[in-house]
Amino acid sequence: MARADAAEQARFHDELARGHYEGGRYEQAIREFFAEQRIAPNPRVGFNIALCFDQLHRDDDAYLFFREYLASGDEDASRRSLAQQAVARLEPRVARIAVASDPPGATVYVDQRDHGSY
């Protein structure tokens, strides 16, 4: 039985994701980019996920992924510039709060929507 290596699997999902993105199928693109990110984590993939969320006008998710991308240290000047512009554009539309829990790792719900553990 043959098995694809991780890089090959990641490329497969990346190609699918890019095809979906170019076709305006952003939800499908996000799924494929998430699959790629699980297989081979890369700041570029997080940036692509942010672009998809931005196209879907899911401002809170786009903001989160653009901020995570900027924190990654990726040195691509063009991507960094686009991410910085997006964060500046989205920041006035996104509510941000700081939550401290004891013990750490609380799951946060806002309006019954799970926002995950941090």
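**Aromatic pairs between helices**

At 29% relative accessibility, Phe 34 counts as partly exposed, because this class lies between buried (under 20% relative accessible area) and exposed (over 50%), with a 1.4 Å probe and protein chains only. The model is predicted: local features need pLDDT of at least 70 and side-chain atom pairs pLDDT 80 or more, while totals for chains, interfaces and linings use all residues. Residues are numbered from 1 along each chain as its sequence is written, and side-chain values use heavy atoms, without hydrogens and water.

**Exercise 1.** Classify the pair formed by the rings of Phe 34 and Phe 65.

*Solution.* Step 1: rings of Phe, Tyr and Trp (its six-membered ring) pair if their centres lie within 6.5 Å; planes under 30 degrees apart are stacked, over 60 edge-to-face, the rest tilted. Step 2: the centres of Phe 34 and Phe 65 are 5.7 Å apart and the planes stand at 70°, so the pair is edge-to-face. Step 3: Phe 34 belongs to helix H2 and Phe 65 to helix H4 (residues 59-71), 31 residues apart; helices are DSSP runs (H or I) of at least four residues, numbered from the N terminus. Step 4: Phe 65, at 15% relative accessibility, is buried.

**Exercise 2.** Describe the pair of Phe 47 and Tyr 69.

*Solution.* Step 1: with 5.2 Å centre to centre and 55° between the planes, the pair is tilted. Step 2: Phe 47 is in helix H3 and Tyr 69 in helix H4, so parts 22 residues apart in sequence are tied together. Step 3: Phe 47 is buried at 5% relative accessibility, and Tyr 69 is buried at 2%.

Notes: Helices (H or I, at least four residues) and strands (E, at least two) are DSSP runs, numbered from the N terminus.
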